[in-house]
Amino acid sequence: METTKNLEFIKDVVNKKIIVIRHFDAPVDHVWRAWTESELLDQWWAPKPWKAETKSIDLRAGGSWLYAMVGPDNEKHSCRVDYKSVDAPKSFSGDDYFCDENFKKNAEMPTMHWRVDFQSVEETTKVTVTITFDKVEDIETITKMGFQEGFTAALGNLDELLLEEANK
Amino acid sequence: MRRDIFQAIADPTRRAIISFIVTEPMTPNTLADQFDISRQAVSKHIRILDECGLISTTLMGRERYYLARTKKLKAVDDWIEPFRKLWEDKYESLDHVLKQLKSK
């Protein structure tokens, strides 16, 4: 079902919103679990080659998910999601932000307000992620970070490759 | 002061101005009428938008008309492209997780 895999990406910069829509070839309860159970989240949440490592998760309004993004050189960024609403298996919302090592908010980094909706469509599940930012510049910061991380990681892989070549 | 697209759309009034003139050209007066704030305040925002390269001005008869330069707005779109890539990669990993769940 390749056609279901197309990512719909709506950039509403003027309203400080990014909407990401995608269909998954799985029933809604599986998709919900993958988004809300730490063992599953840890397997996909971080952009490669970063890894997510859950410290604790408490899925309910007022609860939090504390996790770290672990980089290829074992560098760590602590993050947390404060859940604002949880309506299993239909939707949840919360604030996602970067923290210091004690899971206190890093005030210099932007907060992303998340809303994730799950909709069962025949055998597939439609997931709509709406990310709202406080300031337009926040989109810039987050984009730069993601880009930088990916880029740094790619350079890291190159170093490894060069080292392997040198040892041949 | 910084004058680029992000500075231009950082302010809610400026975002509103853009949304008015993105579809049709407007004179300074018609544009100012859309807001509760003073004409001076509106024209200050227009000046900033102009300095950020977001507005083109056309003279029709004796009237000046403003229109948003959508090409500049597209620059923001291009900028966000890495963010899209990030999501594509993330979701590919999620596909794997879901496949494993299914086969259990």
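This is a predicted model: local features need pLDDT of at least 70, side-chain atom pairs count only at pLDDT 80 or more; totals for chains, interfaces and linings use all residues.
Me: Helices (H or I, at least four residues) and strands (E, at least two) are DSSP runs, numbered from the N terminus. In what order do the elements of chain B run from the N terminus on?
Reply: Residues are numbered from 1 along each chain as its sequence is written, while chains are lettered from A and ligands numbered from 1 in the order in which they are written. Chain B has 5 helices and 2 strands. From its N terminus on, the order is α-α-α-α-β-β-α.

Me: What is the order of the elements in chain A, from the N terminus on?
Reply: Chain A holds 3 helices and 8 strands. Starting at the N terminus, they run β-β-α-α-β-β-β-β-β-β-α.

Me: What share of the residues in chain B is buried?
Reply: A residue is buried if 20 or more other C-beta atoms, placed from the backbone, lie within 10 Å of its own, exposed if 12 or fewer do, and partly exposed in between. In chain A, with its 168 residues, buried residues make up 23%. For chain B, with 104 residues, the buried share is 23%.

Me: Which element gives the most residues to the side of chain B that touches chain A?
Reply: The contact involves 27 residues of chain A and 26 residues of chain B; two residues are in contact if their C-beta atoms, placed from the backbone, lie within 7 Å. On the chain B side, the elements that give two or more residues are α2 (12-21) and α5 (70-103). With 20 residues, the one that gives the most is α5(B).

Me: Which residues does B:L49 contact, leaving aside its neighbours within four places in sequence?
Reply: B:L49 is among the residues with the most contacts inside the largest nonpolar core. Beyond four places in sequence, its partners are B:A8, B:R14, B:I17, B:L54 and B:I55.

Me: How do the residues of the contact of α2(B) with α4(B) divide by class?
Reply: The two axes, lines fitted to C-alpha atoms over the stretch in contact, with angles running from 0 to 180 degrees between N-to-C directions, come within 10 Å and cross at roughly 75 degrees. Angles of 65 to 115 degrees count as roughly perpendicular (under 35 is roughly parallel, over 145 roughly antiparallel, the rest oblique), so α2(B) is roughly perpendicular to α4(B). B:T13, B:R14 and B:I17 of α2(B) meet B:H45, B:I46, B:I48 and B:L49 of α4(B). With Ala, Val, Leu, Ile, Met, Phe, Trp, Tyr, Cys and Pro as nonpolar, Asp, Glu, Lys and Arg as charged, and the others, Gly among them, as polar, the contact has 4 nonpolar, 2 polar and 1 charged.

Me: Where does A:P89 lie?
Reply: The peptide bond from A:A88 to A:P89 is cis, with omega near -10 degrees. A:P89 itself sits in the loop between β5 (76-87) and β6 (91-99) of chain A.

Me: Is A:K16 buried or exposed?
Reply: A:K16 is in the loop between β1 (8-12) and β2 of chain A. Its phi is near 60 degrees, a positive value in a residue other than glycine. Because 20 other C-beta atoms lie within 10 Å, A:K16 is buried.

Me: How far apart in space are A:C99 and A:C79, C-alpha to C-alpha?
Reply: A:C99 lies in strand β6 of chain A and is partly exposed, with 17 other C-beta atoms within 10 Å. Its contacts beyond four places in sequence include A:S78, A:C79 and A:R80. In sequence A:C99 and A:C79 are 20 residues apart, and C-alpha to C-alpha the distance is 5.2 Å.

Me: Over which residues of chain A does pLDDT stay under 50?
Reply: Chain A averages a pLDDT of 83, and 82% of its residues score at least 70. The stretch under 50, for which the model has 5 contacts beyond four places in sequence, is residues 150-159.

Technical notes: A nonpolar core is a set of buried Ala, Val, Leu, Ile, Met, Phe, Trp, Tyr and Cys residues joined through C-beta atoms within 7 Å. pLDDT is the predictor's confidence in each residue, from 0 to 100.
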